[in-house]
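Reader: Hey, can you walk me through this one? I'd like to talk about the sheet and then the pocket.

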Amino acid sequence: MATPVQRVIILGAAGRDFHDFNVYWRQRPDVAVVAFTAAQIPDIDGRVYPAALAGPRYPQGIPIHAEEELSALIRRYDADLVALAYSDLPYEAVMQKVALIKAAGAAFTILGHRQTTLRSVRPVIAVCAARTGCGKSQTTRAVTRILTAAGCRVAVVRHPMPYGDLAAQACQRFADFADLDRHQCTIEEREEYEPHLAAGTVVFAGVDYARILAAAEAEADVILWDGGNNDTAFYDADLYITVLDPLRPGHERRYYPGETNLYLADVLVLNKLDSASPADVTIVRANITACNPRATVIDARSPVQLDHPEIVRGARVLVVEDGPTLTHGEMQIGAGYVAAQRAGAREIVDPRPYAIGSLRSTFERYPHVQKVLPAMGYGTDQIRDLAATIAAVPCDAVVIGTPIDLGRLMRIAQPVTRATYELEECRAGQLQEAVEQVLATTLRSG
């Protein structure tokens, strides 16, 4: 008697959803994945997960629909099960999705951490977070410096951001800035890759993370997982680092799957102590004690510096910040705004009246963003809208708080200064001690 086939829809955002399919759902003969849905990222829906990646059981590929169609999709495809596979969602939003799914007649699941992680033959260090914008990037860079100083060849594997041709993006390697242009990277991708490339570190990313892992292992002694949003690591980590943000106290226990990262951590980096209030820090420390008292806690700051603070002093300033941190990360401001204020800006100009094209839609969708301009750039149209908006704002100078050099992508007529930030431990050497301890264990056993 033939095994009944379970019809599955995967809720995603062009990243974790494809990974979960590749490592878990694709090889199950009792499952037919009938659709992906897409959220958070514009212009992902309406495409197809290609047959070249989906495998021989899916010769037509798998359609990708907007998540707003979910209830109708469950009925259209007669879906039995819906699997959530994207990150940075408040728990209330997760349960609202569950309610809709149940009402439409399907069951709901979330795959476990062990079901979706791959094991490397190299030591793996993972840097994850409780929310988008906690400070993973500067933490990852700090770990890279420690590994390099120890004589290790490091490959950074970045959480997926495949917003273009999925088959062509299956396994990407970035060694210099020219590779960013060759792979037609969006602003969001450049924000994550450029700082590593500037430091001389090779970055891997894409869609097929088994293939990516094999490529990274071939040229590195240590794999460094650079997480996205507040997602869990795709690789089984020998050292699991989770970054917490006391500017959003309590979020470490209210957002999926950030609380999982809190539980999984060997090391918890309590970041931004130079900006957070003592009361908010106390809330986060209490949650650490409640959830993961075994973890090593590293107190840290992320001091912000401007490369040309003189153009800000007494000036009317436009601040451009990292897009995802402001949008689904729910921050009202970022490093650029803080730096502009500290540098003595006379006025930070509200960009909303001057927003053009897709930027107007961004402000409408995320009304909490008011004082700064999110550096949205998921495609050429959005990059063009961003450049036009910057040009339209009446200001004396532009502060770039996003990690990339926007001057590589657009001409900015106003004087520009960039805000940069690195992790600064309150007690120097704790992160190095944790890294060296795991290297001593893994490299010796390997």
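**Sheet edge and pocket**

Author: A300 sits opposite E425 in strand 23. Strands here are DSSP E runs of at least two residues, and helices are H or I runs of at least four, numbered from the N terminus.

Reader: How many bridges join strand 16 to strand 23?

Author: Two, and strand 16 (residues 296–301) and strand 23 run antiparallel. Strands pair if DSSP finds at least two bridges between them.

Reader: Before we go on, where do the numbers come from?

Author: This is a predicted model, where local features need pLDDT of at least 70, side-chain atom pairs count only at pLDDT 80 or more, and totals for chains, interfaces and linings use all residues. Residues are numbered from 1 along each chain as its sequence is written, and side-chain values use heavy atoms, with hydrogens and water left out.

Reader: OK, what's the strand order in the open sheet?

Author: The nine strands go 10-11-9-12-8-13-15-16-23, with mixed pairing. Strand 10 (171–174) and strand 23 (424–425) each have a single partner strand, so one side of each is left without a neighbour in the sheet.

Reader: Switching to the largest pocket: how much space lies in it?

Author: About 910 Å³. A pocket is an open set of points on a 1 Å grid over the protein atoms alone, where a 1.4 Å probe fits, with protein on both sides within 12 Å along at least five of seven lines; lining residues have an atom within 4 Å of a point. The volume is the space filled by probe spheres set on the points, which are joined across faces, edges and corners.

Reader: Which residues are closest to its centre?

Author: Of the 50 lining residues, T132, G133, C134, D322 and T325.
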